[in-house]
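Subject: Structure handover

Hello,

Please find the structure below, with the sequence. My notes on it follow.

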Amino acid sequence: MAAELQSPTWVLVSWLLAGIISLFGALSNAEVAGMLADTGGEYAYYKKIYNKFFAFLFGWSLFTVIQTAAISSLAYVFAQSFVGVFPLQAILPSLADINIGGVFYPFADLTTKLIAVTLIIFLTWVNARGIKTGANFSTLILLLVFAGISLIIGFGLSSNASHVVSTFQPTPTTQNSVSASAVFTAMLSAFWAYQGWAAIGYIGGEVKNPHRNIPKGIVIGVFIVIGLYLLVNLTYLSLLSIPELVQIHQAGNKIAAVEAARSFWGSNGALFLSLLILVTTLGCTNATILSSSRPYFAMAREGMFFQKAGKLNEAQAPANSLVYQALWACILVFSGSFDQLTDMIIFAVFIYYGATTLGVFILRKKMPDHPRPYKVWGYPIVPGIVVLFCLCLSLNAIITRPREAAIGTVLMLTGVPMYWWFKKRHQTKVIETP
């Protein structure tokens, strides 16, 4: 974001704008979730809003791009931090330049990628032991994360309080003005960080009183996250200049948060931050694995995914769905870099965020008398802003990140032939069943 905008003020503005749009999207999603809460999240919603084909395309996109790439990118950050804390010898460095079409470098940073794969496999095993095991693990980590972030904000701002206000200027540090396209592009990174608020809908069938608690959880959660992100990024930007942040980004193997902690706590601060990132990404990867396997489970139960994914194990967990998810997430780890994965996710996910928000308008027409435990604030302006923004962001991503947009589009469109294949196979099975 610093490299795109060259201004600490504009970086924070981008975080705030992304937070507001995420909140508007969450408010819109909460109305739909409150009405149609069920396991599968948007997959279940889209069948009632649009049709089975669009619902399948969304579920398939979750599997090929959105949630599996989210798992891969989170595991990737965990692995980077792990190597930072526990330096390991590079594995097969001679193979780093092997590539596929100059786009995919599967053996680059092989040590990091192998650690990421190991984490995915381990957390998949944890969640296969049952939803309570995975959820309790996430809760413990969440408490540690809150404590760690509070320490960073408190010590970081207090140690550098005199520079906090003077650091931020409304103009960029270069002669070039900040364009709307640059803001949109920078916001891709912020949206990746905010991304995940809709995932609670995937486990709707396993939430107590989902029509009330899912909207409540989404809205409260997004408010808390916006506040934390603004405070922690204010801390980083007051400690590191824009040129320093750009240099960290260009290095490729450094993390801005770690370098910020190093500036006021020295090597011990860098170690603390690296350990906190390990804990944070461990928890977030676990939560993503926990929730993301549920749509595939719901799809398989309807004959629209690989049949084995629709079975529960003895712990009543969708173990096979978790395994399919883990296999593809591991392949994606080898497919690209962290930035490539995250940009691909955001391009894909905002197409569907727009579709869900558009569903608010459709359901108000199609199901006007259906009980709505929650109605989106600011209707129709708030959901209208989200739909328009999603369209603009997707178009901007095609222009500024054509490679990632193209990869994401191809992976999503593989769902078209798969839909007809699953549908034909399911119909054949129904006919053959006595």
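Apart from neighbours within four places in sequence, Phe350 is in contact with Phe191, Phe389, Cys390, Leu393 and Ser394; contact here means heavy atoms within 4.5 Å. Phe191 turns up again in the largest nonpolar core, which has 132 residues and in which Phe191 and Phe350 touch the most other members. A nonpolar core is a set of buried Ala, Val, Leu, Ile, Met, Phe, Trp, Tyr and Cys residues joined through side-chain atoms within 4.5 Å. The most to this core comes from helix α4 (residues 52-85), which gives 18 residues.

Before the rest, the basis of the numbers. This is a predicted model, in which local features need pLDDT of at least 70 and side-chain atom pairs count only at pLDDT 80 or more, while totals for chains, interfaces and linings use all residues. Residues are numbered from 1 along each chain as its sequence is written, and side-chain values use heavy atoms, with hydrogens and water left out.

Confidence

pLDDT is the predictor's confidence in each residue, from 0 to 100. Its mean over the protein is 81, and 87% of the residues reach 70 or more. Helix α5 (residues 110-128) has the highest confidence, at 91, and helix α7 (residues 161-167) the lowest, at a mean of 57. Where pLDDT is low, the predicted coordinates should not be read in detail.

Overall

The protein has 16 helices and 0 strands; both are DSSP runs numbered from the N terminus, helices being H or I with at least four residues and strands E with at least two. Of its 434 residues, 52% are buried. Buried means under 20% relative accessible area, exposed over 50%, and partly exposed in between (1.4 Å probe, protein chains only). Among contacts between residues at least 6 apart in sequence, 80% join residues at least 24 apart.

Which residues does Val65 touch beyond four places in sequence? They are Ala70, Met344, Ile345, Ala348, Gly408, Leu411 and Met412. Val65 is found in helix α4 and is buried, at 0% relative accessible area. Its C-alpha atom is separated by 9.1 Å from that of Thr409, 344 residues apart along the chain.

Phe78 is also placed in helix α4, and is buried at 12%. Leaving out residues within four places, Phe78 is in contact with Ile115, Leu119, Leu278, Thr281 and Leu282. The C-alpha atoms of Phe78 and Leu276, 198 residues apart along the chain, are separated by 9.9 Å.

Gly148 is buried at 4%, and is in contact with Phe272 and Leu276 once neighbours within four places are set aside. Gly148 and Leu275 are 9.6 Å apart, C-alpha to C-alpha, and 127 residues apart in sequence. Ala147, in helix α6 as well, is partly exposed at 42%; Ala147 and Leu276 are 129 residues apart in sequence and 9.6 Å apart, C-alpha to C-alpha.

Aromatic rings

There are 38 aromatic pairs in the structure. Rings of Phe, Tyr and Trp (its six-membered ring) pair if their centres lie within 6.5 Å; planes under 30 degrees apart count as stacked, over 60 as edge-to-face and the rest as tilted. One of the pairs is Phe82 with Phe86, tilted, at 5.0 Å centre to centre and 50° between the planes. Phe82 is partly exposed at 25%, and Phe86 is partly exposed at 40%. Ring pairs also link a cluster whose members include Phe53, Trp60, Tyr296, Phe305, Tyr419 and Trp421.

Arg364 lies over the face of Tyr379, 3.9 Å from the ring centre. A charge sits over a ring if NZ of Lys or CZ of Arg is within 6 Å of the ring centre and within 35 degrees of the ring normal.

Backbone

Tyr379 is joined to Pro380 by a cis peptide bond, with omega about 5°. Pro380 is in the loop between α13 (338-366) and α14 (381-400). Gln6, in the loop between α1 (2-5) and α2 (8-36), has a positive phi near 60° in a residue other than glycine.

Regards
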